[in-house]
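Let's take a friendly walk through some charged side-chain pairs. Have the sequence and the model open as you read.

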Amino acid sequence: MKILVLLIYFLGITGLMTYTISYCKSSIPNNIYIEENKENEYDFNLPVLGSAVYNDSQVPIDLTQPLKIKAGSNGSYAFDIKLFGLYTIKTVNVNVVEKQQVLLGGFPIGIYVKYDGVMVAQTTKVTDYLGNQISPCKDKVYAGDYILEFNGKKLESKEQLLQLVNEHKDADAILKIRRNGEIIEVKTNAVLSTDKSYKLGLWIRDDTQGVGTITYIKPNGEFGSLGHGIGDIDTGRLIEISSGKLYETKIMTIIPGKESKPGEFVGIINYNNKYLLGSIYENSDSGIFGKFEAIEKIENPIVADVAYCSEIEIGEAFIRSYVSGEPKDYKIEITRVDLNATNSNKGIEFKVTDSELLKITNGIVQGMSGSPVIQNGRIIGAVTHVLVNDPTKGYAIFIENMLEHDN
């Protein structure tokens with residue numbers, strides 16, 4: 001009986017310790033950003049007495065009380081947080097940075113990107129001139145592959161590939177493919193179809209376009225937008241791009257969001273160079289990045305300081321958007337801040353509380369991705385997602401995740 005009681009006690013203590021450690025790990029950020037020569041106070045409000053270890057020196061800390069960190073000049077260092085001075089909960093990286101200011105975005109943009117190669121959306125069967133169903137690329141080419149060359153000729157467009165296939169007819173064809181970062185070659189043969197054209201049995205695409213929102217523009221003209229990457233509509237994978245452009249766009253209609261049916265901006269993008277705003281260099285999980293080349297076209301430009309995730313507070317904040325046709329800040333309520341979110345695009349959870357925005361959009365709609373999130377006059381993040389079952393609720397990425405990426 002005593003052994004059973006001791007076992008239950010031991011399991012209880014072990015479970016409590018495991019929960020405490022897990023809770024502390026999720027509540028303490030992996031990275032802390034602090035401006036040079038500045039002292040910040042961080043209130044983690046954790047039931048932990050431990051120590052911080054830095055340069056072999058162990059300093060007692062009480063995380064039930066605010067933790068003060070004073071920065072020197074630019075640079076970075078790390079310290080370990082130990083429970084009871086023995087068990088390392090986690091290592092925290094402290095990054096000392098210069099004060100950053102950016103030009104606030106919030107205005108809609110037309111996005112056009114070229115794939116880096118011709119991407120395969122899916123493989124399919126071809127009905128040949130005899131009525132047979134043939135899949136010439138089955139088990140050779142897969143959805144998500146990028147075809148870079150056809151018989152040694154570099155591909156610039158899907159039209160070029162179709163032309164080369166018909167010129168080459170049914171002779172052996174060598175396709176150079178990029179698959180998950182690896183370059184391989186496969187051999188196949190096109191099929192003469194019932195419409196007298198030669199086909200490989202591939203659904204392909206080489207570009208895509210859409211509407212989004214600019215998040216910020218740095219003093220050197222570098223911009224960040226969307227807060228999440230552009231994914232292919234069929235494969236869901238992040239598109240590997242060779243180049244892209246930003247254009248002015250005119251929002252014609254806003255379809256409000258409904259439960260299980262996200263709303264959207266319906267806009268017109270004019271691809272004339274007269275309406276060109278900038279170039280896109282990169283498509284990443286943290287957004288799209290490039291050079292903005294038309295600062296003079298921004299209405300009522302506003303410069304804002306950057307605030308980092310450890311400075312964000314639960315409570316009132318704002319989304320900057322042009323949904324009414326002019327720049328305006330709309331109230332939201334930050335309900336949760338996940339300093340170590342598994343999905344970096346969902347570090348901030350919020351609810352739209354502004355009656356005007358709710359009247360126009362019923363919350364967050366497609367096309368608002370990238371809208372700056374502002375608290376205490378500083379930019380803290382960008383809108384990334386909406387909850388499908390409740391369009392009044394959404395997620396945002398921490399602004400440092402975007403700024404860190406485009407350095």
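## Arg336 and its partner

At 41% relative accessibility, Arg336 counts as partly exposed (buried means under 20% relative accessible area, exposed over 50%, and partly exposed in between, with a 1.4 Å probe and protein chains only). Its salt-bridge partner is Glu349, with the closest N and O atoms 3.4 Å apart. A salt bridge here is a side-chain nitrogen of Lys or Arg within 4 Å of a carboxyl oxygen of Asp or Glu. Arg336 belongs to strand S27 (residues 328-337) and Glu349 to strand S28 (residues 348-352), so the pair ties together parts 13 residues apart in sequence. Strands (E, at least two residues) are DSSP runs, numbered from the N terminus. Glu349 is partly exposed too, at 23%.

## How the model was read

This is a predicted model, where local features need pLDDT of at least 70 and side-chain atom pairs count only at pLDDT 80 or more, while totals for chains, interfaces and linings use all residues. Residues are numbered from 1 along each chain as its sequence is written, and side-chain values use heavy atoms, leaving out hydrogens and water.

## A pair within a network

Arg178 and Glu240 meet in a salt bridge at 2.6 Å, N to O. Arg178 sits in strand S14 (residues 173-179), and Glu240 in the loop between strand S19 (222-225) and strand S20 (241-247), so this pair joins parts 62 residues apart in sequence. Arg178 is buried at 11%, whereas Glu240 is partly exposed at 29%. Through shared partners, salt bridges join Asp116, Arg178 and Glu240 into one network.

## The whole structure

Searching the whole structure turns up 19 salt bridges.

Definitions and conventions
Helices (H or I, at least four residues) and strands (E, at least two) are DSSP runs, numbered from the N terminus.
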